[in-house]
Amino acid sequence: MSYKDPIIHIDEQLCTGCRRCAAVCPVDAIIGEPGHPQTIDAHRCVVCGQCVQICTAYAADNESTTASRAVKLQERGQLPNVREPLFAAYSSGDIQKVKAVLADPKRFKVVQCAPAIRVSLAEEFGLPFGTLTPGKMAAALRRLKFDRIYDTNFAADVTIMEEGSELIGRVMSGERLPMFTSCCPAWVKHAETAAPELLEHLSSCKSPMQMGGALFKTYGAELDGIAPSDIFSVAVMPCTCKKFECSREEMSVDGCREVDLVITTRELASLIKDQGIDFIHLPDEPFDSPLGKYSGAGSIFGVTGGVMEAAIRTGYELITHEQIPNLQLDFVRGEEGIRTAEVQIGDLELKVAVVAGLKYVDAVLAKVAEGTCPYHFIEVMACPEGCVSGGGQPKLLLETQRKIAYQARKSAVYRHDSHQKVRKSHENPDIIKLYKDFLGEPLGHTSHHLLHTKFVDRSLKEEMS
């Protein structure tokens with residue numbers, strides 16, 4: 001499979017060859033000699049955007065050898081109002097396309113927002129790191145003329161229902177263990193490229209973004225009385241690789257793309273500014289129901305260990321039929337690297353691992369290939385601290401800000417979870433209703449059709465055959 005746009009680029013007119021991008025690339029996809037412009041191996045690249053975050057080489061306003069700023073903004077798919085410097089490493093933008101669709105009254109425009117957007121968007125408007133603004137974000141999206149404001153957190157709750165049920169089945173049967181999470185598209189692309197022989201170990205679940213897109217154009221379309229083909233589905237993500245994921249051939253439902261376009265946190269901020277919306281003084285407004293209501297478990301998908309913690313909250317209660325003693329599972333929370341734990345769930349001693357940062361996963365994959373990996377369930381997130389540190393998040397111009405910003409965003413995610421009345425996915429009333437009225441049961445026929453997928457071998461050997 002080939003893609004016309006590799007999404008991540010390095011502008012050779014601006015690159016100084018400092019190779020800071022190469023130092024943070026988890027898959028050694030950046031090629032070049034020091035002091036010379038770098039290039040990207042698109043096959044190896046996982047589109048995580050960490051090179052975009054770290055790049056400090058930018059165009060000076062009076063540089064006569066480069067194309068004009070306006071031309072470069074147009075080439076990069078950005079709006080003319082963008083004020084930040086033009087850095088050498090950048091991701092392709094889609095905000096011009098979204099702006100055009102929003103101006104079309106014939107389209108029914110649906111938008112979803114990832115968990116990590118609400119703790120970072122406000123930084124683009126001068127508010128402190130980690131400022132939590134779900135209500136202002138929903139209000140801003142409504143001012144932009146989206147017809148439905150939904151939340152990826154709802155689909156994260158669906159993911160737990162499906163992935164948790166899948167894990168229980170595999171543990172009970174002892175088949176295809178360990179099971180890896182599949183919600184991080186950069187991790188999935190790396191597995192497809194570097195370890196295709198192990199793909200059966202990935203959960204068959206689509207990511208929450210794609211599950212949300214599939215439900216908007218089926219269940220949501222039924223609720224609104226709208227033809228699925230009339231719905232235009234936009235996702236706001238902290239992740240540049242989500243643009244790649246939504247374009248995957250298999251991510252469609254009954255002939256309709258599940259997600260038509262993905263924009264990043266920074267792109268949404270530029271659109272809000274372009275439309276003259278006073279973000280800071282917006283009132284708090286709710287997401288639309290029922291596809292916008294979520295549990296605390298859905299909201300912690302934005303941090304490393306969050307998927308694991310959400311899965312254990314639900315898995316514990318589905319297996320034991322007892323309330324989990326403690327909802328805050330500190331043993332899976334943390335920073336970049338690998339964390340492991342053994343969790344007693346009834347008679348089962350569940351062995352889990354959390355991998356934060358793709359550079360740490362190859363050692364785990366080697367153990368799986370050898371048959372010596374001791375874990376039942378492994379969460380993998382490509383970015384250092386999960387989605388709060390994604391490539392599409394607000395760019396941190398000073399290196400000293402990085403740890404402070406990540407910690408503030410993570411704290412805001414956990415605070416958001418702790419303030420939710422419902423903190424377990426299987427107790428979300430709208431999730432219960434979704435299964436009762438539409439999906440039937442986890443891993444059932446409708447769920448398999450809409451919410452599960454297969455992954456593909458992207459090794460060079462396969463692509464050349």
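This is a predicted model: local features need pLDDT of at least 70, side-chain atom pairs count only at pLDDT 80 or more; totals for chains, interfaces and linings use all residues.

Q: Is strand β8 mostly covered or mostly uncovered?
A: Helices (H or I, at least four residues) and strands (E, at least two) are DSSP runs, numbered from the N terminus. Buried means under 20% relative accessible area, exposed means over 50%, and partly exposed lies in between (1.4 Å probe, protein chains only). Strand β8, residues 231-237, is mostly covered, with seven of its seven residues buried. I231, S233, A235 and M237 point one way from β8, F232, V234 and V236 point the other way, and all are buried.

Q: Which strands pair with β8, and in what sense?
A: Strands of a sheet pair through backbone hydrogen bonds, either parallel or antiparallel. Here two strands pair if DSSP finds at least two bridges between them. Strand β5 (residues 108-113) pairs with β8 in the parallel sense over six bridges, and Q112 has A235 of β8 as its bridge partner. Strand β11 (residues 261-264) also pairs with β8 in the parallel sense, over four bridges; there M237 stands opposite T264.

Q: In what order do the four strands of the open sheet run?
A: The order is β7-β14-β13-β12, and the pairing is mixed. The edge strands are β7 (179-180) and β12 (337-345), each of which pairs on one side only. Between β12 and strand β13 (residues 348-356) there are nine bridges, and the two run antiparallel. One of the pairs in β13 has E349 as the bridge partner of Q344.

Q: How many residues of helix α7 are buried, and what covers them?
A: Helix α7 spans residues 185-194, and nine of its ten residues are buried. These are P185, A186, W187, V188, K189, H190, A191, E192 and T193. Contact means heavy atoms within 4.5 Å. The cover over the buried residues of α7 includes β7, α9 (241-246), α13 (361-370) and β14 (377-381).

Q: How many salt bridges are there, and by what rule?
A: Side chains of opposite charge can pair when their charged atoms come close. A salt bridge is counted when a side-chain nitrogen of Lys or Arg is within 4 Å of a carboxyl oxygen of Asp or Glu. By this rule the count is 34.

Q: Which residue forms a salt bridge with R142, and where are the two in the chain?
A: R142 pairs with E285, and the closest N and O atoms are 2.9 Å apart. This pair links distant parts of the chain: R142 is in helix α5 (residues 134-143) and E285 is in the loop between α10 (265-274) and α11 (296-299), 143 residues apart. R142 is partly exposed at 26% relative accessible area, whereas E285 counts as buried at 18%.

Q: Where are the cis peptide bonds?
A: The bond from L177 to P178 is cis, with omega near 0 degrees; P178 is in the loop between α6 (152-173) and β7. A cis peptide bond also joins S289 and P290, with omega about 0 degrees, and P290 is in the loop between α10 and α11.

Q: What is phi at D28 and at D254, and where do these residues lie?
A: D28 is a residue other than glycine with a positive phi, near 55 degrees. D28 is found in the loop between α1 (20-24) and β2 (30-31), and it is exposed at 58% relative accessible area. D254 is not a glycine either, and its phi is positive at about 50 degrees. D254 lies in the loop between β9 (252-253) and β10 (256-257) and counts as exposed at 60% relative accessibility.

Terms used
Residues are numbered from 1 along each chain as its sequence is written. Side-chain values use heavy atoms; hydrogens and water are left out.
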